[in-house]
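Subject: A structure for you to look through

Dear colleague,

I am handing over the structure below, and I would be glad if you kept it open while you read my notes.

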Amino acid sequence: MSQVTIESVLQEGRVFEPPAELAAGARIGSMDAYRELVARVEADPDAFWGQQAREQLHWFEPFHTVLDWSNPPFARWFEGGSTNLAYNCLDRHLQGPRAEKTALIWEGEPGDSRRFSYRDLHTQVCKAANALKALGIGKGDLVALYMPMVPEAAIAMLACARIGAPHSVVFGGFSAEALRDRLIDGGVKAVITADGGFRKDKAVALKPAVDQALADGACPTVEQVLVVRRTEQPTAMLEGRDRWWHELVEAQSADCPAEPMASEDRLFVLYTSGSTGKPKGVVHTTAGYNLWAHLTFQWIFDIRDDDVHWCTADVGWITGHSYIVYGPLSNGATTVMYEGAPRPSKPGAFWEVIEKHKVSLFYTAPTAIRAFMKSGREVPDQYDMSSLRILGTVGEPINPEAWMWYRQVIGHDRCPVIDTWWQTETGGVMISPLPGATPTKPGSATLPLPGIAADIVDNEGRSVGIDEGGYLAVRRPWPGMMRTVHGDPERFRKSYWEHIIGADGRPLYFAGDGARRDADGYYWVMGRVDDVISVSGHRLGSMEIESALVSHPAVAEAAVVGRPDPLKGEGIVAFVTLQAGLSGDDTLGSELRRHVGSEIGPIARPDEIRFSDALPKTRSGKIMRRILRALAAGEEVSGDTSTLEDRSVLDALRG
């Protein structure tokens, strides 16, 4: 693994202090208060995390050991304890005034809305949990969700957690083939889906993809399919396997006690793209994830009882898990789910939701912000967004121009911008400003949260100097950390814990990102150092896309790289070598793009396909993707090319 280098350091001198009014009433209201928390956890991590777990969560049985780190990298948190995430999100709020508080606001794309109080949501979750039991689902059985953004998606997640059946949510934009791969890898027992959902003014079918994934006995472990009626499209139902949600769930009792779960029982498996090979099933467990989602939501959004929180992510991604469902509900907050997206027929869709539901905490992706910037401020200026008090960004680093536009146009220079860095693997936010405490700088995620021993290091695990590029790593365990890769603990070790070993001989968690730290200790995340491409905040493995391309009969070899894209963060460029006797043209390029969309999903379609007689390789046969990245970005190829096997290949690619 080569050292990260940063050829140009962004010179960003603007600093914005927390609003005085917000700081005065904040949970963490000053840098002194932040530093005191950091000092407490560094002085005695076990005492700190133990106190937080006891105070913030409900326990059926108390834990006796805060952290067992005797077999790194396999951590065990809160051993001996038993709890239940659905209980922490619902039942404990039913004993007081929160019972009638709005827990979930759902806004459908066509304009239909639903509201659920905590009591309502508890009732629906209990009925859904009993429906799962009626289908033969029990503790430990993995249930896949392939859903649109409807309330039943959150209800199904909570129902699974209630009975101890871990869930695996698959983003509804993935293809049948991608869904099938995840069902097989997980050994899934049941699938919850819908006839379809609404997306950009049209009904998009989902159930046919499930049928295709399960065709010809491809997923023999799947016994049941539960289908939500959303679009009322004609839907084929297989007798004995498929059941309608509204028929089965509504017939159930609303009495379903939460299953006591051991702290380290699996809560969910969420697949994320890796730089090589098949997607990784990231495993999160019950208590540690619950605590981290709970605390980070509380800290970074400074949650108050009258807040309305809206995270615009899909529940198919970790952001939706932690900051639409589990973090907000565990804190007794009001959370918003939105089925739609801004589109030509409704460019102000986001701002309309904020105005209608008086959203105060808004959390979205830099990709969306850049899209809004392109159309100017005319649209957002039409809406009353005075309810906003905190703005957040998630999914990828945000450039300072977008940061400033977000603050000025959406926040009217009064809302702090909370730029968060984290991953599927971390369970929750790791580096972020605290809105009442941290002075912010456009483009910087600022400082690690209390308890996160982040660092920027070289190959040997040594801290690098100010403004030097290095690897973003974490030196100590934290409660929300992933526990393993489903079915492949060795891949977990190799993917995250073998790249960097500290001076004490212990492994560091390597995030896969390059970063630098400025003179104030602020972190500036510079992007991936592996071959994962971040498209609109969605991490896609180059190997998956390459595999999809090579599965086409015309393709002999393919290499996929990312290039900077002002809207999506990164675009996908595929360099393709065809089978002998074939030549590339626009027609074949379009066909290959459609093929990748069919194999993986529309998000993975290459923006550009370049045909080449050969690819630049080392003498050992390794494709030199560094060269391809430079070519894709229109940059001059620099650095050492002495290992290039055939320089004529480079000359041909330069054209």
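A residue is called buried when its relative accessible area is under 20%, exposed when that area is over 50%, and partly exposed in between, using a 1.4 Å probe and protein chains only. Helices (H or I, at least four residues) and strands (E, at least two) are DSSP runs, numbered from the N terminus.

Please keep in mind that this is a predicted model, in which local features need pLDDT of at least 70 and side-chain atom pairs count only at pLDDT 80 or more, while totals for chains, interfaces and linings use all residues. Residues are numbered from 1 along each chain as its sequence is written, and side-chain values use heavy atoms, with hydrogens and water left out.

To begin with the strands, five of the five residues of strand β22 (residues 470-474) are buried, so this strand is largely enclosed by the rest of the structure. Two strands are said to pair if DSSP finds at least two bridges between them. Strand β21 (residues 454-457) runs antiparallel to β22 and is joined to it by four bridges, and four bridges also join β22 to strand β24 (residues 509-517), again in an antiparallel arrangement. Y471 has a bridge partner on either strand, namely V457 in β21 and G514 in β24.

Turning to the helices, L132 belongs to helix α5 (residues 118-134) and counts as buried because its relative accessibility is 2%. Contact means heavy atoms within 4.5 Å, and, once neighbours within four places in sequence are set aside, L132 is in contact with I137, A159, C160, I163 and I192. The C-alpha atoms of L132 and L226 are separated by 8.9 Å, although the two residues are 94 apart along the chain.

Next come the aromatic rings. Rings of Phe, Tyr and Trp (its six-membered ring) pair if their centres lie within 6.5 Å, and planes under 30 degrees apart count as stacked, over 60 as edge-to-face and the rest as tilted. By this rule there are 37 aromatic pairs. The ring centres of W49 and W292 are 5.8 Å apart and their planes stand at 75°, so this pair is edge-to-face. It links distant parts of the chain, since W49 is in helix α3 (residues 45-56) and W292 is in helix α10 (residues 286-300), 243 residues apart.

With best wishes
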